[in-house]
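The structure is shown first.

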Amino acid sequence: MISLRNVQPTDLEQLLHIENEGFSKEEAATKDAFVERIRLIPDTFIVAEKDGEILGYINGPIINQPYITDDLFEKITENPKSGGFQSVLGLAVSKQARNQGIAKILLNKMEQLVEENDREGITLTCKQDLVPFYEKYGFFNHGLSESQHGGVRWFNMVKLRENMD
């Protein structure tokens, strides 16, 4: 049975391991970035675990615009109680737990938080090969992002609240 919960400081090492499995060195969040996210946005930093082992996570701050900007990878602030867009700065599943629907479970949890906190929707960026994955879950491709994070071409993917089941 997979359970979801808010992140805890003791999760840091497992989270860094999964982050570095899923992203290149240039793209991966730093230890300092994770420490800041754990401290400032535990309400929108969700981990999926089974038998005490973290299988994956999703995290991101609430932002006021529909697209992610590179400065978010450097500095974030605490989330407002309501409104704004739920950004996803990181969604990763450990190598041994992939293809089991964990990313979908985590995205569904973020949708639930959007509904509960009267947010406008969810926004994320992804590489071209993941565009169909997110489209399958109801996200719309808004084209190339201005993001230069990790020296990669990213696409803006947005799912507005009215498009959530």
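The side chains of Asp11 and Arg5 form a salt bridge, with 2.8 Å from N to O; a salt bridge here is a side-chain nitrogen of Lys or Arg within 4 Å of a carboxyl oxygen of Asp or Glu. This is a predicted model, in which local features need pLDDT of at least 70 and side-chain atom pairs count only at pLDDT 80 or more, while totals for chains, interfaces and linings use all residues. Residues are numbered from 1 along each chain as its sequence is written, and side-chain values use heavy atoms, with hydrogens and water left out.

**Salt bridges**

- By this rule, the count is 7 salt bridges.
- Arg5 and Asp11 are both buried, where buried means under 20% relative accessible area, exposed over 50% and partly exposed in between (1.4 Å probe, protein chains only).
- A network of salt bridges links Arg5, Asp11 and Glu49.
- Between Asp118 and Arg161, a salt bridge brings the closest N and O atoms to 2.4 Å apart.
- Asp118 is partly exposed at 48% relative accessible area, and Arg161 is partly exposed at 26%.
- Glu111 and Lys159 also form a salt bridge, their closest N and O atoms being 2.5 Å apart.
- Both Glu111 and Lys159 are buried.

**Lining of the largest cavity**

- The residues that line the largest cavity include Ala33, Glu36, Arg37 and Phe73; a cavity is a set of points on a 1 Å grid over the protein atoms alone where a 1.4 Å probe fits but cannot get out, and lining residues have an atom within 4 Å of a point.

Terms used
On a 1 Å grid over the protein atoms alone, a cavity is a set of points where a 1.4 Å probe fits but cannot get out, and a pocket is an open set with protein on both sides within 12 Å along at least five of seven lines; lining residues have an atom within 4 Å of a point.
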